[in-house]
Amino acid sequence: MAASPIAKEAEVPMEATVRVINRRMQGESLYFFDCYRMHNGECEMLGVMAHNNQERFDTDIRHVKVGDVLRVSGVVDTKFTQPKPPRKFLLRVSNIKVVEPWRNMTDSEDASKKFTWRMPTDLKTSSKCRPVALLQCVSAVNDRLCSYFDSTAATENSKARFIFIYDTPEAPNAPWRQLIACKTPADTPHFLHGALQKVFPVNQSAPVLSFADAVQVLKAHIVQQGTRQFNIITYPKALEARVRSALPMDTLATGTDDTYENHYLCYADGLFWLGLSERRVIIPSPLMKVVPSGAYWKLNEIIERYLGVMGRVEAYTGRDWAIDVGASPGGWSYSCAKDLGTKKVLAVDPAATMSPMLKEYGLQDVGLGDGNMLKAYASENPKIFQLQARGEPALQELVIPSKLPIAIYVCDMNVPHAHTVDLARSVYDSGLFERPALVVLTFKNTLRSKPQFAEITSASVESLSWLSNIREIHLFANTQLETTIVGEVL
């Protein structure tokens with residue numbers, strides 16, 4: 001029976017390179033593959049339908065796997081085309097060929113267990129808004145980096161994660177601009193050293209779907225640039241050897257000299273992103289600096305991310321009196337004395353354990369009563385006093401016999417939110433704050449679930465309305481089960 005004229009008009013021949021993101025069967029011989037392709041610089045969804053006919057196809061479609069890159073040809077049934085994104089249409093194929101099996105991604109049999117594929121439906125892949133960089137990061141701090149850089153997370157890739165950084169013309173001082181501009185490892189913010197692993201600049205006009213296409217883009221760029229030497233930096237790392245073997249040997253640098261150009265190739269969310277002739281941004285390993293405890297880095301980060309951004313570091317440098325509640329083993333106290341140059345720090349904690357490093361500032365025990373607080377405040381040395389007590393009785397000592405003004409108040413106790421908030425409020429109500437005063441509170445997740453923690457945290461922040469410039473910051477120095485609130489008494 002001859003096909004109707006309408007049916008003929010609805011069929012358009014097409015060849016395309018696609019990546020499979022889903023597969024399913026109908027009956028014993030009809031296969032459906034959900035795929036996507038790059039078309040005119042845009043990511044486009046399409047469906048592929050094939051009848052199992054091993055003699056007709058270059059590839060046995062029974063062996064096509066999710067993640068494979070295919071070369072397909074056939075006719076498009078335009079009756080199924082959607083006019084708007086994702087503009088999905090149906091391709092009835094006459095031939096299928098696997099051009100890049102997913103298992104070959106890293107030349108490893110267990111590649112499918114290590115790396116993920118995904119249709120980048122959540123990514124801004126349009127020509128109007130493409131990423132300027134991909135940041136490879138530690139999975140545990142992925143969400144915090146997204147918040148800090150106002151960015152989008154990619155799918156998980158083994159133990160590494162990627163976030164996509166987009167240009168923000170309305171934010172000329174955005175943190176990602178400062179990161180990209182870093183000329184030496186020492187220029188990068190210290191709190192990112194343990195969170196970021198690599199920076200992959202992106203300057204190619206559009207991502208490409210297959211590794212072969214990425215290599216062709218690199219080759220074309222090399223021809224255009226001449227015989228200039230360069231480095232190749234890839235993710236996953238195993239792709240580097242394959243890229244090098246496909247490029248002219250006389251253009252490949254043999255070292256990591258910063259005078260060489262750098263070509264970046266990064267696989268993320270089913271696409272290959274390229275940064276050509278870019279300067280390398282090196283993220284150093286975490287500082288192996290010896291400090292009393294990890295809490296030291298919390299206040300250190302607050303100084304840079306809160307006080308530094310607002311231009312308020314000087315306002316809290318060299319102040320007279322700081323209180324560290326829940327101090328043991330002394331990380332916050334040490335940071336007050338060392339980084340802010342606080343003249344006197346009272347480390348309050350019922351535990352006796354304090355780091356020997358605090359002796360650098362003349363650590364001395366002080367007891368309750370007998371006007372000991374007033375004597376400590378009036379003394380020239382030492383800088384840090386240890387008071388073995390809970391917060392409430394310690395604060396009473398500051399009120400009686402005379403008020404000792406607090407310029408910096410930090411609290412890192414492992415107690416419910418209400419206890420932390422009430423203790424800080426009692427300091428405020430007692431008139432102990434010397435304005436301006438810096439207040440830093442850590443909220444620990446002592447609840448059963450993250451939603452509960454978020455709800456209680458939000459309510460607790462609202463109850464701190466007596467603070468100005470209040471911010472919640474999930475510090476990189478925080479654990480996943482805590483967050484930090486910072487504000488000022490003005």
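A: Accessible areas come from the Shrake-Rupley method with a 1.4 Å probe, and for residues only the protein chains shown count as cover. By that method, the accessible surface of the chain comes to about 23100 Å². Carbon and sulfur atoms hold 51% of this surface.

A word on the ground rules. This is a predicted model, where local features need pLDDT of at least 70, side-chain atom pairs count only at pLDDT 80 or more, and totals for chains, interfaces and linings use all residues. Residues are numbered from 1 along each chain as its sequence is written, and side-chain values use heavy atoms, with hydrogens and water left out.

Next, the overall picture. The chain has 12 helices and 20 strands. Here helices (H or I, at least four residues) and strands (E, at least two) are DSSP runs, numbered from the N terminus. Of the 490 residues in the chain, 50% are buried. Buried means under 20% relative accessible area, exposed means over 50%, and partly exposed is in between, with a 1.4 Å probe and protein chains only. Contacts matter here too: a contact means heavy atoms within 4.5 Å. Among contacts with a separation of 6 or more, 68% link residues 24 or more positions apart.

Now the close look. The buried ones are G331, W332, S333, Y334, S335, C336 and A337.

C336 counts as buried because its relative accessibility is 1%. C266 also counts as buried, at 1% relative accessibility. Yet the structure holds zero disulfides. A disulfide is counted when a pair of cysteine sulfur atoms lies within 2.5 Å.

In β11 (residues 261-268), C266 is the bridge partner of Y235. Y235 belongs to strand β10. β10 and β11 pair in the parallel sense over six bridges. Two strands pair if DSSP finds at least two bridges between them. Strand β10 (residues 230-235) is mostly covered, with six of its six residues buried. In a regular strand the side chains alternate between the two faces of the sheet. In β10, F230, I232 and T234 point one way. N231, I233 and Y235 point the other way.

Helix α5 (residues 211-225) holds L218. L218 is buried, with a relative accessible area of 2%. Beyond the residues up to four places away in sequence, L218 touches V243, L247, H263, L274 and L276. L218 and Y264 are 46 residues apart in sequence. In space, their C-alpha atoms are 9.5 Å apart.

For comparison, turn to the barrel. Five strands form a closed barrel in the order β1-β2-β3-β5-β4, with mixed pairing. From one strand to the next, the twist averages 45°. Axes are lines fitted to C-alpha atoms, for helices over the stretch in contact, and angles run from 0 to 180 degrees between N-to-C directions. Strands β2 (residues 30-39) and β3 (residues 42-51) run antiparallel, joined by 10 bridges. One partner pair is M38 with C43 in β3.

D68 sits in the loop between β3 and β4 (69-77). D68 counts as buried because its relative accessibility is 2%. The side chain of D68 reaches two backbone nitrogens: that of K65 at 2.8 Å and that of W102 at 2.7 Å. These are polar contacts: a pair of N or O atoms within 3.5 Å, where within protein one must be able to donate a hydrogen and the other to accept it, and residues adjacent in sequence count only if both atoms are side-chain atoms.

Last stop: T483 in strand β20 (residues 482-489). T483 is buried, with a relative accessible area of 2%. A polar contact of 3.0 Å joins its side chain to that of E472. Other residues touched by T483 include L441, F453 and H474.
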